[in-house]
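Open the model in your viewer and show the side chains.

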Amino acid sequence: MFKHKGRLFRMLLAALLCAGLVPNRLLADDKETTNPPPKTAPAKDDAPKMEAPAPLTERERWMLDRMEQLEKRVAELESKSNPPATAATEISPPHPTLPNGSISSLPTGAASAVPAAEAGTNAIPTDRAVALATAQATEKGKSGAGKAPATEPFAFADFTWLTGNARTKESPMDTKFFTPEIRADVDYVYDFAHPKDDTIGGSSEVFRSNEVHVTQLGVGGDFHYDNVRARLMTQFGLYSQTTPRNDASPARGQWNLDNAYRYISEAYGGYHFNVLHGINVDAGIFMSYVGLFSYYQFDNWAYQPSYVSSNTPWFFNGVRVQIFPTEHLKIEPWFVNGWQSYGRFNNRPGVGLQVLWRPNGWLSVLGNQYALGEDALNTPGRVRYHTDDSIQVKYYDNQENFLSKAAFSLTGDMGCEHGGGVSCAGNSKKGPKQSFLGYMVYNRLWFDRDKYALTIGGGQINNPGRYLVLLPPINGATAASGTPYFTENPGDPYKAWDVSGTFDWMPSQYITFRWEYNHRAANVPYFSGSGGVTPPGGNTFGAPGSTVCFSGAPPCGSLANTWFPDLRKTENRLNMAILVKF
């Protein structure tokens, strides 16, 4: 390029010189331009005399000096801009190809400077693409260009808008071997019923009222090296007590499984196979995402999800295989001990399947299926089936407007149990109907470049038999002990619905300040009233699963001598939380 420019400079300078010498020679003396030219003398026969050339004017000397300086400058530029061809071949990096097929226009040196917050999950970062291409070329050696690596699953778009997905786009502490993760969930709940024992029941997210509490503090992260992977996430705070008490399986056998796993929310190890777009085989405790929402409130649109999410499994203990046939599809079969359980309830484990399809950046379709587990404690032969299906749609996205984004989610669940004295089809000789039917829907609006958000939503369930209803913690009752004050017998009716409004302020991708109002209702007394669910003096009157007497041991003999919890059909509360994730 500079070579052609040099020739052009020379031609230009020559033209300027020719154009400058003659006119400037005539204009060297201004007086000469105003007088007519002198008359020529007659020609003589003798040879003309050689006359000395006229001296250059000051302007002509300046033009010549200027031309010499320009020629030297052009020569220097040509020498610097034309290295040997072989050297250019050696240092020229491969141009990474982005998933959309275009060639990255970023210079190689700038690749690592691209912030992950911008790259997010929209595309493979340029530095990663360069590394992949370079590694592949090294592996192939001199055999020529290697086959392009498979695109990373779901990396073709930014899915941080989804509920159940963390909205962080980069980890400030990420390394080649370990990606650390720290989570904090601290809340204050105002219950309009003012229960005197400050206890809230019927929720797997909210547990105490009118107090500040650490609901969850998680420290851990992901290990990844040489295709080997592992993840650990702890759970300190209220989750370490409330999540194990909803699992009845530790009551079967020894070794106190609820204590063994109490402070762990995720713990698994596995291997990544470079097949298709990736296959992961993991074993341990992993999140289920049945009910769409995440176990961690930072990832969700609302703090208190509807019953379809709150009453279905948050985790499984078993083996999963994540298969990515394409960058748009995940197929994940499970082999698990049971329905959100550390161990088995009887003699049969459960199996399940998750299918996740994201054809583009604004649509996500999720299906979770569970079957064959015998998940009623000490009731062999009672088999559970459940289907949980969700769709999420982002129907507006314009970061230049005050309303920057809008999306909605819709989830529908169905399930039943049969055998062991109950029936899926309805009341029959096999037993009363034992089923589950529910839905939830949420709509979320983001404002001011996603700094603020407003979510409105709710749902409804019908669960005869109450096998998925969270047992109120009356007198310290657990899923294993049960309670006579709220039975979960075959045929027991239970219908409930809820609505919520959530406002989020997100000044950074690592923190959310959340305010939420919840109204919940049921067709039977279920929620904590002003009298609370704790006997006078605390949980000291017999076993959690028995009736509490003011004096003596059960049976109490009369209603006057019997203590009753204060249960109501409605609940209204305000949730305020600070949610952090690194």
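Start with Lys-405 and Trp-446: the lysine lies over the face of the tryptophan, 5.6 Å from the ring centre. Keep in mind that this is a predicted model. Next, select Arg-358 and Phe-159, where Arg-358 sits over the ring face at 4.8 Å from its centre.

Now turn to rings that pair with other rings. A pair of aromatic rings is described by the distance of the centres and the angle of the planes. The model has 32 aromatic pairs.

Select Tyr-395 and Phe-408. Their ring centres are 6.3 Å apart and their planes meet at 40°, so this pair counts as tilted; the tilted class lies between stacked, under 30 degrees, and edge-to-face, over 60. Tyr-395 belongs to strand β10 (residues 383-397) and Phe-408 to strand β11 (residues 403-418), so the pair ties together parts 13 residues apart in sequence. Tyr-395 is partly exposed, at 44% relative accessible area, and Phe-408 is also partly exposed, at 28%.

Move on to Tyr-485 and Trp-563, an edge-to-face pair with 5.7 Å from centre to centre and 80° between the planes. Tyr-485 is in the loop between β13 (452-462) and β14 (495-508), while Trp-563 is in the loop between β16 (527-528) and β17 (567-568); the pair links parts of the chain 78 residues apart. Are these two residues, Tyr-485 and Trp-563, buried or exposed? Both are buried.

For the last stop, select Phe-207, Tyr-239, Tyr-295, Tyr-296 and Trp-314 together: ring pairs link them into a cluster.

Notes: Residues numbered from 1 in each chain as written. Predicted model: local features only at pLDDT ≥ 70, side-chain atom pairs only at ≥ 80, totals over all residues. Heavy atoms only, no water. Phe/Tyr/Trp six-rings, centres within 6.5 Å; stacked < 30°, edge-to-face > 60°. Helix = DSSP H or I, 4+ residues; strand = E, 2+ residues; numbered from the N terminus. Buried < 20%, exposed > 50% of the residue type's maximum accessible area, 1.4 Å probe, protein only. Lys NZ or Arg CZ within 6 Å of the ring centre and 35° of its normal.
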